[in-house]
Amino acid sequence: MARSESSAGLQLLPLVIAVAALVAFSPVAGTAQAKADVSMMPWMNQGLSPDERADMVLREMTLDEKIQLVHGDGWGVLRKCSFDDPRSNLGAGFTHGIDRLGIPDINLADSAVGIRMAALQSRYATLLPSGIGAACSWDPDAAFLYGSVIGRELRAQGFNMSIGGGVNIMREPRNGRNFEYAGEDPVLAGTTVGQLMKGLKSQRVMSDIKHYALNDQETGRTVVNVQLDHKAMRESDLLAFEIAIGIAKPSGVMCSYNLVEGDWACENDYLLNHVLKKNFDFKGWVVSDWGATHSTVKAALAGLDQEMPGDDNYFNQPLKQAVESGKVPMSRLDDMVHRILRSMFDAGVVDFPPVRTVVDPFRGREDAQHIAEESIVLLKNDGVLPLEATSTKSILLIGSHADVGVLSGGGSAQVDAPGGNAANPRPGPSLWGEPVYFPSSPLKFIREHATKANVQYNDGKDHGEAARMARSADLVILFTNQPMSEGQDAPTLALPDDQDGLIEGVAAANPNTIVVLETGGPVTMPWVSKVKGILEMWYPGIGGAQALANILFGEVNPSGKLSASFAKSEADLPHPAVPGLETAGAIDSDDQHRKVKPFDLPYTEGARVGYKWFESTGKEPLFPFGFGLSYTTFAYSDLTVDDAARTAKFTVKNTGSREGTEVAQLYASLPSAAKEKYERLVAFQRVKLAPGESKTITLSMNPTFLSVFDTEKDAWQLLPGDYKILAGASSQETPLQSTLHVR
Ligand code: BGC
């Protein structure tokens with residue numbers, strides 16, 4: 001804090017320019033924020049720490065100004081398609097800044113897989129591959145790129161905060177929002193989303209991680225009371241948040257709609273005060289999900305820092321009264337405001353406010369394609385792939401609007417398609433719950449590769465006609481879909497609308513059938529043995545069709561590995577039916593939710609999520625976590641473990657004839673005292689190899705990923721004993737074994 005006046009003055013100069021720009025151009029809103037005299041604002045000194053700067057501002061603030069920062073200014077655009085306040089940038093949220101102190105408005109946009117609601121103002125936003133898909137790249141650099149694309153475009157659109165970065169691990173494979181998240185494993189999901197948030201921050205935009213915590217299904221999300229013991233919580237869902245928050249130090253964490261152990265997540269002292277703020281040392285602010293605040297005093301004391309979107313009014317006048325009456329101490333309100341202000345300074349949105357430019361759609365599409373090429377997972381290949389561009393004479397594409405586009409995910413993660421929904425052109429922005437196709441046409445790009453082939457398309461609606469056409473083609477590429485959206489879960493793991501029947505009929509007519517899946521999460525595949533090839537391309541984003549065509553024709557060698565297990569049948573899941581669904585009403589056509597009575601959801605599987613469940617119960621998945629094929633082959637050898645350094649070293653060799661990238665995975669099985677009947681992912685690395693090339697890699701094992709959570713000590717504990725260390729190509733294929741000795 002102790003800095004001389006003159007050095008503060010020198011540091012101030014660039015800020016005078018930045019704040020002058022903020023004032024003059026009002027980059028995030030239509031109207032200028034009132035003029036502020038920067039020379040009177042010592043907190044504009046960039047040489048001070050974000051905490052020092054926040055404290056200086058706080059000392060100047062009136063009670064009303066403090067209250068102003070801790071709530072949003074209404075549902076506005078979400079409910080009316082317009083905003084009463086001209087300073088709003090028409091995102092999902094908006095909070096007035098404090099003009100006289102040079103604190104800008106907070107303009108937030110939903111941006112899980114790209115920026116939402118761009119159509120309202122004829123803006124463009126890049127649609128990236130879905131989160132679950134991008135996690136299949138197991139590539140921290142791709143995740144960073146993902147976040148930086150979103151950050152770049154947020155700034156160009158005039159937003160200074162993202163609402164995105166979902167890291168709820170996949171407990172429920174039918175969850176309607178799995179496509180927004182990063183799969184089932186806390187280490188992979190936490191690393192991916194942490195890097196994504198870092199990428200976002202690199203663009204000087206505030207970041208937000210959601211939905212904290214255990215909001216793992218949409219059915220009854222606003223009434224369900226999740227029950228899970230603290231040890232299991234810390235080792236599963238909360239570990240994903242811990243890792244992501246540790247990597248990115250995000251500005252915000254969004255608390256979720258559900259209850260956890262009897263308390264709403266947004267007024268849950270254990271989750272917010274204890275774990276997030278104390279154990280994780282989270283310095284940013286807790287923002288409620290939209291309408292997830294249920295009280296004033298309880299929520300404030302439990303650690304909620306900001307009510308969004310604001311109209312519900314627990315944190316406006318009621319909070320002021322609670323502070324005045326002493327029910328909420330002023331120090332607590334100051335802490336809320338400090339957290340918000342320090343995050344604004346830390347992210348750079350005060351010093352470098354966004355200035356509107358035109359989003360670069362070309363750069364965005366290239367980045368999206370690159371990520372898609374790493375996200376697509378080759379699940380089956382009976383020698384049919386890669387396709388020969390010149391020798392295939394006739395190719396029939398069937399289904400899922402593959403003539404015009406690729407599917408995207410819905411709800412608050414819906415990005416507006418340029419030109420409107422390619423599968424259902426009509427004026428206006430996309431409607432909630434409507435499956436939206438982006439204009440990235442598989443037919444077009446497959447035709448560009450297969451220059452000698454007659455490539456035709458059939459929409460797959462008439463199964464008989466599709467099978468008849470399939471009979472006379474050399475090869476069939478059958479596109480299937482599973483549209484998913486916030487607000488509802490898939491009732492089952494089956495592809496909807498009898499697409500299984502379509503596949504059976506087509507595969508019987510033409511054994512040379514490849515199935516391409518555009519799904520939000522895992523699906524069952526009763527036809528798995530009847531087709532020659534299967535590619536999971538998820539919702540692949542605006543570069544999806546190019547990425548797919550490059551993989552089909554071998555220009556890109558697939559390298560994606562599953563970020564989530566695929567079950568053979570629902571009977572093999574911890575919850576064979578979606579909990580709460582049996583008592584749920586029909587989908588309400590207005591809000592696209594099923595009305596559900598409050599219910600308890602005991603997560604009896606504990607920390608055994610995904611592959612840990614399959615392993616500990618001896619159930620065989622259809623495709624395991626970490627699995628994915630390549631057009632080349634890899635061999636693993638020579639695993640050695642260094643006890644002191646806690647590293648594992650092994651060699652990966654490309655034993656085939658094409659260049660390829662392998663995702664090498666390291667798992668650990670804990671000493672018997674841990675009583676765990678499963679292995680855990682502890683490290684991974686992408687390894688690019690030329691034909692015949694070998695590389696020896698050394699992976700560090702983070703002690704937390706090897707530890708159990710001791711609830712009495714309230715700390716991670718690395719148990720002494722022998723840890724089985726396994727290396728290989730998937731959770732089920734670990735040919736190398738060694739031992740880590742912990743004393
Ligand atoms: C969703 C959040 C979203 C918010 C604002 C809520 O319904 O759960 O993920 O950020 O709406 O659109």
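Colleague: Does E374 count as buried or exposed, and how do I read that?
Modeller: The idea is a cut-off on relative accessible area: buried means under 20%, exposed over 50%, and partly exposed in between (1.4 Å probe, protein chains only). E374 has 9% relative accessibility, so it counts as buried. Before going on, note that this is a predicted model, where local features need pLDDT of at least 70 and side-chain atom pairs pLDDT 80 or more, while totals for chains, interfaces and linings use all residues. Residues are numbered from 1 along each chain as its sequence is written, and side-chain values use heavy atoms, leaving out hydrogens and water.

Colleague: Where does E374 lie, and what does its side chain make a polar contact with?
Modeller: Helices (H or I, at least four residues) and strands (E, at least two) are DSSP runs, numbered from the N terminus; E374 belongs to helix 14. A polar contact is a pair of N or O atoms within 3.5 Å; within protein, one must be able to donate a hydrogen and the other to accept it, and residues adjacent in sequence count only if both atoms are side-chain atoms. Here the partner is the side chain of R686, at 3.3 Å. For plain contacts (heavy atoms within 4.5 Å), leaving aside residues up to four places away in sequence, E374 touches several residues, among them C136, D139 and S559.

Colleague: Which residues of helix 18 are buried?
Modeller: In helix 18 (residues 544-552), 9 of the 9 residues are buried, so the rest of the structure largely encloses it. They are G544, A545, Q546, A547, L548, A549, N550, I551 and L552. Their cover includes helix 14 (361-375), helix 15 (442-449) and strand 16 (513-519). After helix 18 comes G554, with a positive phi near 80 degrees.

Colleague: Which way do the residues of strand 21 point?
Modeller: In a regular strand the side chains alternate between the two faces of the sheet. In strand 21, G660, E662, A664, L666 and A668 point one way, and T661, V663, Q665, Y667 and S669 the other way. With 10 of the 10 residues buried, strand 21 (residues 660-669) is largely enclosed by the rest of the structure.

Colleague: And how many bridges join strand 21 to strand 22?
Modeller: Strands pair if DSSP finds at least two bridges between them. Strand 21 and strand 22 (residues 680-689) are antiparallel and joined by 9 bridges, with A668 partnered by R680. Strand 26 (residues 721-728) also runs antiparallel to strand 21, through 5 bridges; there L726 is the partner of Y667.

Colleague: How many residues does the largest nonpolar core have?
Modeller: In soluble globular proteins, nonpolar side chains tend to be buried together. A nonpolar core is a set of buried Ala, Val, Leu, Ile, Met, Phe, Trp, Tyr and Cys residues joined through side-chain atoms within 4.5 Å. The largest one has 162 residues, and those with the most contacts inside it include W290, I395 and I477. Helix 13 (residues 330-347) gives the most to this core, with 8 residues. A second, separate core of 42 residues includes L188, L239, L666 and L740.

Colleague: Last one: what polar side-chain atoms lie by an oxygen atom of the ligand?
Modeller: Y257 has one at 3.0 Å from a ligand oxygen, R116 has one at 3.1 Å, and for K210 the distance is 2.9 Å. Taken alone the ligand exposes 310 Å², of which the protein buries 94% (Shrake-Rupley areas with a 1.4 Å probe; for residues, only the protein chains shown count as cover).
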